[in-house]
Amino acid sequence: MTSPAQPADGALDLPTLEVEGELDLAVAPWLRDQLDALYVGGADSIVVDLSRATFLDSTALGVLVSALNRSRERGGRVHLIVQEPQILRVLTITGLQDEFALHKDRAELQRRKGKQ
Amino acid sequence: MAHEELIEGALRTSEREVIEISIPGSVDLVVLARFTAATIGARAGFDLDEIDDLRLAVDELSVSFGPLEPETRLRYTFLREGDTVNVRCTREPSEDDGDGGAGHSERDLIDWQQARELSAQLLDELVTTHGREIAHGRSVAWLTKQRGEGTG
């Protein structure tokens with residue numbers, strides 16, 4: 001299943017949600033709630049750490065797309081930390097791999113942010 | 001050939017087998033269908049990627065019905081014929097009181113139109129064929145996946 005939301009990761013300097021396990025219909029409403037909470041306070045960009053997630057279906061992906069739209073409206077991005085091949089495959093099939101900012105780990109995200 | 005005849009025929013040979021499960025309309029239990037998909041995929045000789053794809057595809061069959069209501073059940077029939085797996089998911093009325101179905105959160109917080117569109121994209125890629133139909137007045141979503149196909 002999925003872990004409780006993690007507090008914002010100061011090292012990343014962006015509101016961050018870390019999830020684990022299988023992200024399916026049973027988890028999607030919880031995921032939506034947690035992502036909504038990240039935007040409280042006016043954040044434009046967020047990080048969703050899927051390093052420990054093993055499964056992503058269309059309902060959970062739809063929740064991530066909603067967050068993507070929300071961030072874009074604010075001029076921000078949704079960063080996904082993901083290495084799981086099956087999740088990357090889902091993003092590729094749906095043509096969303098270039099819509100999210102994908103990173104293999106937090107260090108890579110930090111490096112890329114540092115270059116901006 | 002009627003579905004019942006297919007099942008009877010399947011039981012006559014070890015090259016064909018049928019597994020049926022029926023779950024209450026509860027989102028927490030769809031995982032059981034994924035477990036079953038993984039098992040029968042392995043028995044069909046699927047590789048690990050194909051098994052993952054079948055698990056996801058079976059999950060997406062469930063999504064195709066929209067919110068799961070407590071007064072319904074989902075009945076999955078997995079039919080393996082050699083290296084091909086057929087899955088039919090039928091939404092049918094429940095004889096249980098049922099209290100584990102769609103809560104407000106599931107109905108209200110999921111964009112079902114978006115989920116269905118994403119689901120259709122995924123199924124197109126994950127399996128050999130898939131579709132939906134009405135059979136005996138009940139909604140049915142089905143898929144077929146053959147080893148070595150539909151895993152573009």
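**Crossing of α3(B) and α5(B).** In this predicted model, helices α3(B) and α5(B) cross with a left-handed sense. Their axes are 10 Å apart, and the two helices pack at an angle of about 145°. From α3(B), the residues Asp53(B), Leu56(B), Ala57(B), Glu60(B) and Val63(B) meet Ala115(B), Ser119(B), Leu122(B), Leu123(B) and Leu126(B) of α5(B). By residue class, this contact of α3(B) with α5(B) comprises seven nonpolar residues, one polar residue and two charged residues.

**Contact between chain A and chain B.** Chain A contributes 17 residues to the contact, and chain B contributes 21 residues. On the side of chain B that touches chain A, at least two residues come from each of α3 (48-63), α4 (104-109) and α5 (112-126) of chain B. The largest share of that side is supplied by α5(B), with seven residues. Sorted by class, the residues of chain B on the side that touches chain A are nine nonpolar, five polar and seven charged.

**Open four-stranded sheet of chain A.** The strands of chain A are arranged in the order β1-β2-β3-β4, forming an open sheet in which the pairing is parallel. Because β1 (16-23) and β4 (101-103) of chain A each have a single partner strand, they stand at the edges, and one side of each is left without a neighbour in the sheet. With direction ignored, neighbouring strands of this sheet are turned by 25° against each other on average.

**Pairing of β3(A) with β4(A).** Strand β3 of chain A, which spans residues 78-81, runs parallel to β4(A) and is joined to that strand by three bridges. Within this pair, Ile81(A) has His103(A) in β4(A) as its bridge partner.

**Helices lying across the sheet of chain A.** Helix α1 of chain A, residues 28-39, lies across β1 and β2 (46-56) of chain A and runs at about 170° to β1(A). Helix α2 of chain A, residues 58-73, lies across β1, β2 and β3 of chain A and runs at about 170° to β2(A).

**Packing of α1(A) against α2(A).** The axes of α1(A) and α2(A) cross at roughly 15° and come within 9 Å, which means that α1(A) is roughly parallel to α2(A). The crossing of α1(A) and α2(A) is right-handed. In this contact, Ala28(A), Leu31(A), Arg32(A), Leu35(A) and Tyr39(A) of α1(A) meet Thr59(A), Ala60(A), Val63(A), Ala67(A) and Arg70(A) of α2(A). The residues of the contact of α1(A) with α2(A) are divided into seven nonpolar, one polar and two charged.

Notes: Residues are numbered from 1 along each chain as its sequence is written. Chains are lettered from A and ligands numbered from 1 in the order in which they are written. This is a predicted model: local features need pLDDT of at least 70, side-chain atom pairs count only at pLDDT 80 or more; totals for chains, interfaces and linings use all residues. Two strands pair if DSSP finds at least two bridges between them. Axes are lines fitted to C-alpha atoms, for helices over the stretch in contact, and angles run from 0 to 180 degrees between N-to-C directions. Two residues are in contact if their C-beta atoms, placed from the backbone, lie within 7 Å. Ala, Val, Leu, Ile, Met, Phe, Trp, Tyr, Cys and Pro count as nonpolar, Asp, Glu, Lys and Arg as charged, and the others, Gly among them, as polar. A crossing is left-handed if the near helix is turned anticlockwise from the far one by less than a right angle, and right-handed if clockwise. Angles under 35 degrees count as roughly parallel, over 145 as roughly antiparallel, 65 to 115 as roughly perpendicular and the rest as oblique.
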